[in-house]
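Here are my notes on the model, point by point. Please keep the structure open while you read.

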Amino acid sequence: MEKVQLVADPIDFPKEEEKILELWKKLDAFQTSLKQSKGKPRYAFYDGPPFATGLPHYGHILAGTIKDIVTRYAHQSGFHVDRRFGWDCHGLPVEYEIDKTLGIKGPEDVAKMGIEAYNNECRKIVMRYSSDWEFIVTRLGRWIDFKKDYKTLYPWFMESIWWVFRQLFDSGLVYRGFKVMPFSTACNTPLSNFESGQNYKDVVDPAVIVNFPLDEDPNVSVIAWTTTPWTLPSNLALCVNADMDYVKIVLKKDNKVYIMMEARLSALFKGEDEYEVLEKFKGSALNGKGYQPLFSYFAELKKTGAFKVLNDGYVTDDSGTGVVHQAAYFGQDDYRVCLENGVVTKEMIICPVDSSGRFTSEVTDFAGQYVKDADKQIIKWLKNQGRLVDQSTCKHSYPFCWRSETPLIYKAVPGWFVRVEPLVEKLLANNQQTYWVPEFVKDKRFANWLRDAHDWAISRNRYWGTPIPLWVSEDLEEVVCVGSMEELEELTGVKITDIHRESVDQLTIPSKRPGMPPLKRVNEVFDCWFESGSMPYAQMHYPFENKKEFEDSFPADFIAEGIDQTRGWFYTLLVLSTALFDKPPFKNLIVNGLVLAADGQKMSKRKKNYPDPLQIVHKYGADALRLYLINSPVVKAETLRFKEEGVKDVIKDVFLPWYNAYRFFIQNVQRLCKEEDTTFLHNEQTFQPSGNYMDRWILSACQSLISFVKQEMAAYRLYTVVPKLVKFVDTLTNWYVRSNRRRLKGENGRADCEHALHTLYNVLFSMVRVMAPFTPFLTEEMYQNLQHLLDPEATQGLDTASVHYLMLPQPREDLTDTTIERAVSRMQSVIELGRVIRDRNTMPIKYPLREAVVIHAEQECLDDVMSLEKYIKEELNIRSVTTSQDKEKYGVSLRAEPDQAVLGRRLKGDLKKVTQAVRELTDSQLEGMRSAGQIEIHGHVIQETELRLSYVFAQTTDGGKAKYEAHSDNQILVLLDVTPDQSMVEEGIAREVINRIQKLRKKAKLVPSDEITIFYQVSPATDRLSDIIRSHDQYIFSTIKQRMYPFPVAAGEEIVRETFQICLLKTLTRMPEDKVIHLKGVDLELVFLKGQVKGQTKSTTSNGPAPFCRFVNIKLCNAQPQCGATSRCGTILLENPRGDFPISVPELTKQVGVVFGLHGVKVGLYKSETKSNELTSESLRDVFSLHGSTVYAFVKK
């Protein structure tokens, strides 16, 4: 016990977390836990590699928290879980930073400085923020190995990528081709389809309509619409829909004749009076018609089939003129249509735009201009040449480069591709073998993406990346695919230590054809997505090392990333694992949603619309941030608007109540051990609960929680687990601890106190283990103190230095009692409904009420409620609980009001008659509607959610207000008698005094075992508050365990002094004005002295000094004493001896008759001389509350 520490109050969560980090460092806790689990079943986990060129954001923190929770949980479930951090080191993020820093505009600049120098610059910055990442990830409580990390720039990692590619190449899945692809002009490289889909933005582009005079009649022009004027110099054809209607029209304003789609006329002209339709025909009639080229740059291609109208179904009637201009090498559909119709061939490439997005010399009028900048000049040229029909702007969604934030263009580029289209069926089949949370992402979003999967462009015309290991002859007739460093050494005769471009580009392989020059490596490097998709194999240097270890742990048991990875990492993992092994790469996957700024916008450093993550951690702690993120819709792949207040609320609503329950436990264990000179040790294996109902309930609820967590975590449903854990914290603190405070403080004797403390310890010890994966810091903080109360016999042979070394508790069936859980759940419902009624009527709990009536159709429910009657009385501060199956007995019935806002939109003109009918529905009709969930009224089905239900009471006979107020949760109906009397109001004021004393104790940082003396003074001294404190002194004493003495204050060491104002809400009493106790402006001054100090005043009886036992003064009011008694004042003992044989109200009445010699007459006892507040067994709950006060006796006539 001497090792158990006092618990700090208040607690600084971030500072305590930093102490825990030091503890983990001292213990080498993560590595120690891995050593402990060696030899246990393996649980394979893949960590998707982030780029280290930027700092972690909330998306990284969220995904990292999910990964940490699941892997910690797996470890505590008896698995060995290797967790290696990975780094994505190659690709555009690094190169783009270097290009900006060095002012590199294109390939020519790189050629000038040399690839080796360029890559060395990349290598310098690639791990720029790695130390920051390690600090932040560690500070957030995530356990992952940074020392045994993998980096995609490691030669051994790159070698495994070569092996992966070699398997694809040998399987015939690799080919070289031209393809129109999304192209980043800022990064000088094509992007894959899934990269281009990551960053769409709304933009305003120029929109032009251009005329194309037909060869057969130059006075007739086909008109086409485009939002990319820069593609017009590369126009090679026009395309229309063969099955749709087209018209030849003449404009009335200038007699020009145009051909366009009929369905688009209304979109382009304000009225039919602007044109006249000359002819109508299908689009097929235009097929093959030639037209005059717009520009002369490629006019010679007219001889080989260019510059004619083509047919294709991709042309729609929802935009433009229904005629699409074809720039074959700048649009995917354009290229397909032109290729199918012989306008271009696979060998041809008409692409007068370089990798920086500038026109080449072929486009003489605009050479050297960036294409987007050239739009204005091209429009001007069109206007001057008479080819511009109309000019406007168009707002639409357009893809941007995810790295450079510049607009993408579509451009034909040569490259290397992996054949994905033949694998689609296998991809879909393997996807079905995986388990996703939430499942709809797998079945809808991801599966749809797989069905439409296109061949994957894996090459990039860049420098800093894994080189594609293909050595080819100049005529591409000879191709050698190298699958390892050893193989390259054999083929080239050169020792290989690194395989970046600067190390392998100059290496050649002799040709097998006599007299032919040696083979040279192709210039491209791998797309970095190919690298990250290869990480399951490359992180283990498979198949060159760890062959069995990999094969035993593939597929991975678990991965997790954001929803944006459905077209990224999840996709590349599946493509490669399917191509290599025809297996899915993982078994289980959690997909998280996106974390947005509080305003719903994307988080932006430039806009500064979100708080820095480290500031949040330093302010509230990592656990609070973790729990806020994972107890939100974002774990169901929905979006989260990040709000700092949400993190703060976790502290207020979850951590502080939980911590205070733990602190309260420690305080009372220390008190027990000090007062009883005993030792407290808990053995979980041998622990058996007491017969106390609430002990059995909280233990059963804890077992149910453990079972639920086990079941749901097996299904990776964090979104069901975390709310349940948070709810249990509330259950423990606001229900068990709150309702058992007196037992835990020892007021019911030592044995009962020990039962309650062992129960609470058992639950707290279970909680720190169950919650450890979710809130690793706070659970460790509590455990480091709680572990000193563990029976050494129960932990023999175990390393118990950290809570994270312990396995999860298993549910004990012998502690589970669902009947008790059901009963307490019903009790909680009653109490919560009663609290709502009190709140609605502005009646604080401290003011007692007469009665609660609980109404339910099932007797079992009512029996459950009555079995916990005393807790309902205590929590609602009521005198009695009544149950009934008949609400009509109490004159209560249901009434309904329609939700006008909801129904108004739906019912429109019928709203008035439906509203009237709703208001006329009877109680039985509404009860039926609640059972069915809906009701039909005037032909409309009205849902229960579209009505507002309330309870009303029948009018009282005198027309006054009913004494009950009602509330229901659709199962249980609770009525509260809200008409308190004088004695109840006085007790409420006494409770207010107690509340002020307790708050002052907390302010003075006193613990229950601290000995103090309390003095008080009421100003003005004549106020009724003084009488209330005196008459309720025993009630106050039984709560605070301290006597209160009136001023003057005795000599002694003063701890704290404060003056409070005690007020009474007039609205709460519902009493006539002349009966209201007015305390407005009454001050109560409290002084605490250290130790037991003798008071300066003594209580007195009617006849002199007070006796040792508690007593009451009696005054006889309307009669004379008889049988020799002479005084009309007397004193009666309420107990004798002290603490035993308390008197009852009937016995007190009998004693009054004896004292005054009143034989054979009826006597009534009252609290005032006005004969108000008669004392009865029902009205007086605690006879000792009369101690020291005066009671007035009246002979009844």
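1. Rings of Phe, Tyr and Trp (its six-membered ring) pair if their centres lie within 6.5 Å; planes under 30 degrees apart count as stacked, over 60 as edge-to-face and the rest as tilted. Take Trp87 and Phe146: their ring centres are 6.3 Å apart and their planes stand at 45°, so this pair is tilted. The two residues are 59 apart in the chain and link distant parts of it, with Trp87 in strand 1 (residues 84–87) and Phe146 in strand 2 (residues 145–151). Helices (H or I, at least four residues) and strands (E, at least two) are DSSP runs, numbered from the N terminus.

2. On the source: this is a predicted model, where local features need pLDDT of at least 70 and side-chain atom pairs count only at pLDDT 80 or more, while totals for chains, interfaces and linings use all residues. Residues are numbered from 1 along each chain as its sequence is written, and side-chain values use heavy atoms, leaving out hydrogens and water.

3. Are Trp87 and Phe146 buried or exposed? Trp87 is buried, at 2% relative accessibility. Phe146 is buried too, at 12%. Buried means under 20% relative accessible area, exposed over 50%, partly exposed in between (1.4 Å probe, protein chains only). The rings of Phe269 and Tyr275 also form a tilted pair, with centres 5.0 Å apart and planes at 45°. Both of these residues are buried.

4. One aromatic cluster is formed by Trp163, Tyr537, Tyr542, Phe550, Phe554 and Phe581.

5. Two charges sit over rings. The rule asks for NZ of Lys or CZ of Arg within 6 Å of the ring centre and within 35 degrees of the ring normal. Arg72 lies over the face of Trp24, 5.6 Å from the ring centre. Lys724 lies over Phe708, at 4.7 Å.

6. The largest nonpolar core has 136 residues, and Leu625, Phe642, Phe655 and Phe665 touch the most other members. Such a core is a set of buried Ala, Val, Leu, Ile, Met, Phe, Trp, Tyr and Cys residues joined through side-chain atoms within 4.5 Å. Helix 23 (residues 644–676) gives the largest share, 15 residues. Another core, of 72 residues, lies apart from it; Trp162 and Trp436 are among its members.

7. Strand 43 (residues 1163–1166) points Val1163 and Leu1165 one way, Gly1164 and Tyr1166 the other, and all are buried. Strand 43 pairs with strand 44 (residues 1190–1195) in the antiparallel sense over 4 bridges. Pairing requires at least two DSSP bridges. Leu1165 has Ala1193 as its bridge partner in strand 44.
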